[in-house]
Amino acid sequence: MPEEYVKFDLTDMKNFEYDMKRCVRCKGCKWVDHIYMPGATYSTRCPSEKRYLFDSFSAWGRLRLALSLLNGRIEFNDRFVEAIYKCQLCGACDAGCKRNLDLEIGSALESLRIKCVADGFGPMPEHKAIAEKIEKEHNVFGGPADNRDKWAKGIQTDDKAEFVYFVGCYGSYKMQGIPKATANILKATGQSFKIMGSDEYCCGYPLYSTGQIEKAKKAAQHNIDTIAKSGAKTVITACAECYKTLKVDYPKMFNKSTSDMGYQVIHLVEFVADQMEKGTIKFKNNIDMRVTYHDACNLARMSEPWVYWEGKRKLYGITEPTAPRRKGTHGVYHQPRNILKAIPGIDYVDMIRIRENAWCCGAGGGVAEAFPEFAQWSAEERLEEVDEVGAAALITACPRCKDNFSKAINASGDNIKVMDIAEMINEAIK
Amino acid sequence: MDLKNELQKIVGAGNVLDSPEILEEYSTDNGIYPPGMPTVVVKAGKSEDVAKVINLANKNSTPVIPVSSGVHFQGCTIPYQGGIVLDLSNLNKILEIDPPNRRVRIEPGVTWGQITDELAKENIRVISPLLPHADRSVITDYLEREAPVVPKYEFAEPLMTYEIVWPNGEVFRTGSASVPGYPDSPAKGTNPAGPGLDFYRLPQGAQGTMGVINWANLKLEYLPKINKIFFMPFEDINAAIEPIYKIPRVHIGQEFFLLNHVDLALILAKQWPDDYDRLSDILPSWTLILTISGPPRRPEERIEYEKEALFDLKKQYFQDMPILEALPGVPGGGRELIHMLRKPWPKEEVYWKNRLSGACQSLFFIARPEDAPSFYEKVVDEAPKYGYPLEDLGVYLQPIEQSRVCHLEFNMFYDPDDPIEREKIRIMNRELAQDLLDMGAIFTRPYGDLADMVYEKATSYTTALKRVKKMFDPNNIMNPGRLCF
Amino acid sequence: MGIPQEAYKAMEDIVGSQYITDDQVIAQAYVGRLGHGKDTGIDLEMNVPPAVIVLPRTTKEVQGILKIAHRYKINYVPASSFWISHCAPKRPNSIVLDLKRMNDLEIDEENMCAICGPGVIFSQLQEEAIKRGMYTTTPGGGSQVSVVANHINWGLSPLNYRNGVPGRRVLGGEWVLPDGELLRIGSMSTSDDPFWGEGPGPDLRGLLRGWIGWFGAMGVVTKLAVKLLPFHDEGLKPVGISPHTTLQFPEKKRIRWYNFVMPTRESLVECMYDIGKAEIAAALTKVPQQWRYIAKAGCREDFWEGWNTNEARKSINNIHICRVMLVGYASEEQLEYEERVLMDIMDSYGAKLGRTRQSDNSWIKNADSATMWMMTGAYTSVQVTVDTVDCGVKGGEGLAREKPAFTPPLMDDYGEPGWFQVSEIGHMGYIEFLQYWDPNPNQENLYKKDEWNYIKVPTLDAEWGMFNAFNMYASPMNLTGKAYGPECRKWFEKVKAEFDPDKISNDPIPWDVDEYVDKVDWVNKEDYINRDWSKG
Ligand SMILES: Cc1cc2nc3c(=O)[nH]c(=O)nc-3n(C[C@H](O)[C@H](O)[C@H](O)COP(=O)(O)OP(=O)(O)OC[C@H]3O[C@@H](n4cnc5c(N)ncnc54)[C@H](O)[C@@H]3O)c2cc1C
Ligand code: SF4
Ligand code: SF4
């Protein structure tokens, strides 16, 4: 095989042609890791394939469509675009695939969206509408940019702090209980922090994940610059989407590695777990409740640092230098669980599909915006699982997940309580 | 040229028999069905003769009824449409004994009487059905899917591969014996499957309608030297069901089956009829029999843990069930059964099923062990309506494959020389079968009168089977009138 | 549209519009390039997109679709889990029946069977079985494989050592024949209960499959009861995070793996015979060297770093690993007994017990067959034969001697004689001979991997008298189908002519290789077509 030169550059889908061709249709991307297979039910992890059934709605199917596109066998049309976007980009496929093979499935899917937009066929109209809001007011809701730090009224921040708290659109505009709780927790541990106020733009997740990379890059660049200007070295967030976008997607967009970014991103749960070890946080209040935890895709299997790579692919597909592979092994899995288990009174129970095998809440990848019914369907399946394990409350570590679950609960009248982990911690330390 | 001459050319004059006495001999069996005369009897002397006879029969559209055993009970060798009885009893060579690969290759005329002693010399055996008649052909017993008396193997099929002459005269080898150059090939014929299709399944249960086997490979197992036997008595068949399910599932034991007092007494009686009378009185209504044996390596230790496992089960699930090492009141405690079970019924004695009245009609089928009690109750309810004495009803339950199913057999004894009794049994057999079929009994071997009722019910199966039969036997020469053909 | 409008409409009426499509974009997701046979000549040159994809839910719906296909003479391809190239259409205007919605699973605990729709996969069933103290044979081919498709087509695994070869594990069920008529097999022939495999008289399971099955060329099995076998009741605990997940064995000594290093290949074979004869163990297999290196490697590059060494090259003739699994089905005492017997046997050969992890990640519930593609990007097995243990070993060694002439394009595996294992407590041995290559089309002489696969290996097997009936579906019928039986191909033709005269059920299977090699210039067909195989 003649050598080829490839890069982890998502703006050219050809960089992932090898991965598309080498997909063997083993469906590791669909099923829960067989070792953990729980039986006849809760056995899959790809919401898209389960909902829409035809293979074009699975990772392997989309890879084949992408390949056919590259080879000129098909062109973009409405069905194709729909197939591309009815997917949460939840990364379950990527982690599943990499259990056995060295294929870059997540990147290939992102790259397909980027091409779809570049060729003028994507994203979905709802995604464009959000992009406009972000462009105008720098948030997904189109609320006034100046209102971004309204939630922080009366909260003490410190401009000299090493920590910058990246709040995100949902925390800033819709679910202000989460940032308030977060600020309280930071305060309780004596950790000073600052916020970026109206200089915090939407992280860009809704743009990047829908293939609007150019727009995403603008948002990203602004945030990167602001962080740099602030002099903070650590960005803390309580939103899984912001977390992954700042940690993984920013470097990815600019063909860099996470370690080159000049800042470190941590999620509140990492911080709290660390404080627990140091003994600087105490859970004083008894919370008598059977709870379970939902692994947000972006905090869990998709959160490993991004390592940019370019190099040769040689005979047998051997890469030189060896390409890095993010397998989802080192996601933020244990910290939230350890925290919950440490809260007195809590009867913690895991769901059936956890960590790298978790079922997406349904909101990601632009699905909540373009296909709300699909997002709800996905959340409902997860809520059934909560019921199955007999938990009274579902704890999330991402406002997007909380939002989506709450909508599903409102619609179904289910009596499961959904709480963000920041709120739960805050309750425990009050 | 007439058929007889042609046949003589194939097998030699001495092997073509058509004297009235001989024809008469082949016109009946030891069962309930009326006689039917063959046109001619041909004794095959070598396996090559078989294809030639079948080709000739095809040319003349003459029925061919293959016969391998020296004794028959189910009427399937009675030539109701005349034709050639192809007697294979002289094809009785043990072609190969291959202990390392645990296989034996034999011709169809090889009987249980013949093979058991031969193999015992090498401490090996073919697992047999329960006390088979010494003159029964080993191959045809398993072709007809008799249930092995050892249910511990997950794959209750001792028959591996064979050479068959299809009804259209083509000679074919099944499974891994299908390799070019067999038997002088590295492949020895231990894999039944293929080539392409599982051809080995088509002649099974076919009552000779799907061709003639020239030879077959069968599995060998070691012949245990050290054994223990346990008897578990029950007064109520319902109580036996849980042990029947549980015991073989922990992979213990060899022979394992349930008999009622009638069948057990028939087997254990030495002095006829006194022993029988006494035994059938004192034996428990039901006895579950289990042997535990030591393999060639560390036999005692094996027996030890299996025994322990058996008693653990008892402790856990059926504490009230006695596990006896000897049957009370039975001379020798019935322990000689261990040795009896590893051999066919002694040739010099009247076959156990014929001891009581001279003949026996066995009505058997496949069932879930848990359903056995209701099938039994049905027979108990119905039998008296035919004037059949319940005290003479034999019952045998043979677990198959660790009791995923069982072979359930009702033995009805009658005087073969009393035509009225015979007819009564025939009616009872047929009507009971219909009742049991309606209740879900699975008749995988529908002999005689049962064929029509079973095939009528098996609508889609019957249609497909007829299509298959037509492919293999376009002239319908092989044992016509059987099954649904 | 590729098929008549009325036919499409009729099918749509049966399944509902959301379960059928003729969208040609969606169809691209179904164009082959999958599983066994991927990147071989047939996959690359014969596979085409389907015209219609339909997702039936019930047997009745499948019957309806097949009847329509029959009426309009439209080729169709049933597919349950898509792990073999045969389930990609090779004829234009075909219907793919994607059976994933038929995923009903019922466990009959008392009578130890599982009644499965084709959408049920092995890891699902295995979990449900283990929960109840039983197990099934997860095929080496993968836990993601359909239980039904595997039982009717393939079914090999070291677990067959106890559980029996696959054809025996098929019980009753529903089989929609090529023309849409329903055939109920086994105990379902006369009842609604599929718990037993034999039907009245001749056993039509013989028509359903052989050493392997029809691969969709004889209609659709919509429901099948398969055997479950008793297991120990201590369960197995999943541990680890992907990719390092495994099933931990219980503390109690109910299940254990043992890796022995045998002094020679001969002793490896002999100990296998002895273990079988002693009637101990639950699985017994030899591990090919590449797999050991793959298991240790974190990625492809790691593998090659290990494999491109003298140590690896020498390992083929120097390291002979016998892997034995013992299960205390009855008790810990059983396992302890078997361990003592095993040690007696192994000691007598001077075997050394190596370090063995007490967990399982490749046979019981998970089977990582996708890793077969890890090394080079392409894989296929050419010889999958079962007869005696000895025969299996001879076959592997023979092929290893011939393979260098085809290397490259095949990957150099240093003469590895393949993967062998024992079935049915020593009554049979199984050999699988593996090839790997780089599928990049720009490679020189890439066609030689097809020549090796389709022609050379089957010819050698037939000449040697090896039972490679697997190749019935990976070599020309005119070769293997002539040599074995002999002339078993005639029966395929007859069965097809009777049940599928228009050849609409997954045509051109099983004649696809004949059709393929007809078009290429590197095969001299006269060599095998005119050959008299009766001479061996
Ligand atoms: C790397 C690799 C290793 C393998 N190793 C093994 C192994 O060790 N042991 C083993 O047993 N197998 C092995 N296999 C084979 C694999 O397990 C089989 O392909 C599988 O069992 C059949 O499942 P499938 O997903 O291919 O089924 P499918 O792709 O769904 O179908 C297989 C074939 O059957 C037909 N079919 C599917 N469903 C039905 C149905 N319901 N009715 C009628 N026809 C149907 C299809 O048309 C197709 O031709 C291996 C495969 C691969 C790729
Ligand atoms: S797991 Fe990877 S190789 Fe397997 S089907 Fe999914 S994308 Fe393809
Ligand atoms: S990203 Fe999630 S929804 Fe999309 S294909 Fe992968 S597993 Fe399915």
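**Figure 1. A salt bridge between two domains of chain A.** In this predicted model, the side chains of A:Glu241 and A:Arg400 meet in a salt bridge with an N to O distance of 3.2 Å, the term standing for a side-chain nitrogen of Lys or Arg within 4 Å of a carboxyl oxygen of Asp or Glu. Between domain 2 of chain A and domain 3 of chain A the count is two salt bridges, and six residue pairs are in polar contact across this interface, both residues being at pLDDT 80 or more. A polar contact is a pair of N or O atoms within 3.5 Å; within protein, one must be able to donate a hydrogen and the other to accept it, and residues adjacent in sequence count only if both atoms are side-chain atoms. Local features need pLDDT of at least 70 and side-chain atom pairs count only at pLDDT 80 or more, whereas totals for chains, interfaces and linings use all residues. Residues are numbered from 1 along each chain as its sequence is written, chains are lettered from A and ligands numbered from 1 in the order in which they are written, and side-chain values use heavy atoms, with hydrogens and water left out.

Figure 2. An automatic or database domain assignment divides chain A into domain 1 (1-122), domain 2 (136-277) and domain 3 (282-295 + 333-430). The contact, meaning heavy atoms within 4.5 Å, takes 24 residues from domain 2 of chain A and 23 residues from domain 3 of chain A. These two domains bury about 1900 Å² between them, with 74% of it on carbon and sulfur atoms; buried area is the accessible area (1.4 Å probe) that two parts lose on being put together, summed over both. Of the area that domain 2 of chain A buries against domain 3 of chain A, 25% is supplied by A:Tyr170, A:Ile178 and A:Val269, more than by any other three residues.

**Figure 3. The shell around ligand 2.** The shell holds 13 residues, each with a heavy atom within 4 Å of the ligand, and those that come nearest are A:Cys23, A:Cys26, A:Lys27, A:Cys29 and A:Cys97. By class, ten residues of the shell around ligand 2 are nonpolar, one is polar and two are charged. In this scheme Ala, Val, Leu, Ile, Met, Phe, Trp, Tyr, Cys and Pro count as nonpolar, Asp, Glu, Lys and Arg as charged, and the others, Gly among them, as polar.

**Figure 4. The interface of chain A and chain C.** The contact takes 59 residues from chain A and 69 residues from chain C, and the area buried between these chains is about 5200 Å², of which carbon and sulfur atoms give 58%. A:Ile35, A:Phe54 and A:Tyr316 supply 16% of the area that chain A buries against chain C, more than any other three residues. Five salt bridges are found across this interface, and the side chains of A:Arg22 and C:Asp39 meet in a salt bridge with an N to O distance of 3.0 Å. The count between chain A and chain C is 34 residue pairs in polar contact, both residues being at pLDDT 80 or more. The side of chain A that touches chain C divides into 24 nonpolar, 14 polar and 21 charged residues. Chain A and chain B, in contrast, do not touch, and their nearest C-alpha atoms are 23 Å apart.
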